[in-house]
Amino acid sequence: SYAFNLGVALIFALSALGSGAGTGAGMGFQHNVTGVVSKTYTASLPELRTATLMTLEEMSMPVGEDKQSDEGWLITAKARDRDISLRLQDLTPNTTRARVSVDNGTLFKDTATAEEILTQTSHALDEIAAVEIESQYEKMNLTAKKKVAKRPLERASTKSATAKHVP
């Protein structure tokens, strides 16, 4: 029928749009026809789970479920009239894929919110890494700290000495 053919044409047109425009260029997002947005991270599943929970807290999205699943880990959350589902799957010990679906009660998924959750999760992973580096620095002995602290000063004094000799 005409309505069926129009519906099929609409689905193909939307899937073509989703594969190019507005897919988070440069951020590494992948979209599929069902509105699920995914990204693979260089992080273990526990690290990504922690970063995801930090993100949801930062975005004021109350967590519903936080449990192990057949494929890895499932986290659900709410944001007003949106139901959020995050599925984490470990691909290797240090590589984990996150898939986010944000259902807003309409035919189409809220991919903008899903992208923002993944973007903020990337930032949370950076924060976790920075804290880990700081923690490792704090554990260093005094001699090692002096060596680390001296390196930038050596570079700075070399630059200033060079700058004095420039005509």
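Residues are numbered from 1 along each chain as its sequence is written, and side-chain values use heavy atoms, with hydrogens and water left out. Because the model is predicted, local features need pLDDT of at least 70 and side-chain atom pairs count only at pLDDT 80 or more, while totals for chains, interfaces and linings use all residues.

The protein chain contains 4 helices and 6 strands; helices (H or I, at least four residues) and strands (E, at least two) are DSSP runs, numbered from the N terminus. Their order along the sequence is α-β-β-α-β-β-β-β-α-α. Of the 167 residues in the protein chain, 28% are buried. Buried means under 20% relative accessible area, exposed means over 50%, and partly exposed lies in between (1.4 Å probe, protein chains only). Accessible areas come from the Shrake-Rupley method with a 1.4 Å probe, and for residues only the protein chains shown count as cover.

Strand β4 spans residues 72-79 and includes Thr76. Thr76 has a relative accessible area of 18% and is therefore buried. The C-alpha atom of Thr76 lies 6.1 Å from that of Leu86, although the two residues are 10 residues apart along the chain.

Side chains of opposite charge can pair when their charged atoms come close. A salt bridge is taken as a side-chain nitrogen of Lys or Arg within 4 Å of a carboxyl oxygen of Asp or Glu, and the count by this rule is 6. One of the salt bridges joins Lys78 and Asp83, with 2.8 Å between the closest N and O atoms. Asp83 has a relative accessible area of 40% and is partly exposed; Lys78, at 40% relative accessibility, also counts as partly exposed.

A network of salt bridges links Asp81, Arg82 and Asp110. Asp110 is buried at 11% relative accessibility, whereas Arg82 is partly exposed at 24%.

On the surface, Glu57, Glu58, Asp126 and Glu127 gather in a patch of negative charge. Helices α2 (45-58) and α3 (111-139) are the elements that give two or more residues to this patch. Patches are made of residues with over 30% relative accessible area and no salt bridge, with like charges joined within 9 Å and nonpolar side chains (Val, Leu, Ile, Met, Phe, Trp, Tyr) within 5 Å. Asp126 is located in helix α3 and, at 52% relative accessibility, counts as exposed.

Note on methods:
Lys, Arg positive; Asp, Glu negative; His and termini not counted. Charge placed at Lys NZ, Arg CZ, Asp CG, Glu CD.
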